[in-house]
Amino acid sequence: MSTPRRKRLNRKGRLQAAKKWIPTYEGKNLVRGYKKWFGVDFICAIKELEMLGHEINEKYKKQILKQEEAKRKAAKERKRSKKEELIDDPSWQNAKFYFIAGYTSNGVPYGITWEEYEEKYSETNQDDTSDDSQDNLNNDFFDDVPF
């Protein structure tokens with residue numbers, strides 16, 4: 001089942017459709033009803049209703065803005081913690097492999113072993129710590145990639 005046309009409208013289309021929809025709305029909260037009917041967020045609903053000439057209570061607008069900001073902060077925090085979780089997750093390493101690129105059909109891991117990593121990358125880093133050596137280090141790594 002596809003998304004209803006009213007939820008796919010751009011602002012211009014919503015404003016035109018809203019002129020006909022608002023008189024038929026029977027709910028208590030016009031902003032919430034607009035949000036649900038047209039599939040927009042609260043901030044967009046408030047802006048568009050004001051564009052249509054409806055007055056929205058300032059206290060209500062501040063409350064909505066505060067809630068939306070809290071949602072954004074929470075989402076940002078979840079995203080940041082998820083990234084940290086992935087970084088802290090050692091599932092891409094084990095005692096034998098520095099980086100596990102994947103597993104064979106029998107479940108055997110393959111990738112860069114700790115010995116290969118130390119041999120190729122650690123010694124190069126200790127000899128010359130300039131930015132040029134870092135570029136060479138990255139180029140050396142990609143030269144060995146088989147694809």
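**Helix packing in a predicted chain**

From the N terminus on, the elements of the protein chain run α-α-α-α-β-β-α-α. This is a predicted model, in which local features need pLDDT of at least 70 and side-chain atom pairs count only at pLDDT 80 or more, while totals for chains, interfaces and linings use all residues. Residues are numbered from 1 along each chain as its sequence is written, and side-chain values use heavy atoms, with hydrogens and water left out.

User: How many helices and strands does the protein chain have?

Analyst: Helices (H or I, at least four residues) and strands (E, at least two) are DSSP runs, numbered from the N terminus. The protein chain has 6 helices and 2 strands.

User: At what angle do helix 1 and helix 2 pack?

Analyst: Axes are lines fitted to C-alpha atoms, for helices over the stretch in contact, and angles run from 0 to 180 degrees between N-to-C directions. For helix 1 (residues 11–21) and helix 2 (residues 30–38) the angle is about 125°, and their axes are 12 Å apart. Angles under 35 degrees count as roughly parallel, over 145 as roughly antiparallel, 65 to 115 as roughly perpendicular and the rest as oblique. Helix 1 and helix 2 are therefore oblique to each other.

User: Which residues make the contact?

Analyst: Contact means heavy atoms within 4.5 Å. Helix 1 contributes R14, L15, A17, A18 and W21, and helix 2 contributes L30, G33, Y34, W37 and F38. For classes, Ala, Val, Leu, Ile, Met, Phe, Trp, Tyr, Cys and Pro count as nonpolar, Asp, Glu, Lys and Arg as charged, and the others, Gly among them, as polar. This contact divides into 8 nonpolar, 1 polar and 1 charged.

User: How do helix 1 and helix 3 pack?

Analyst: Helix 3 covers residues 42–51; the angle with helix 1 is about 60°, with the axes 10 Å apart. Helix 1 and helix 3 are therefore oblique to each other. In this contact, R11, R14 and L15 of helix 1 meet C44, K47, E48 and M51 of helix 3. By class there are 3 nonpolar, no polar and 4 charged residues.

User: What follows helix 3?

Analyst: G53 follows helix 3, and its phi is positive, near 100°.
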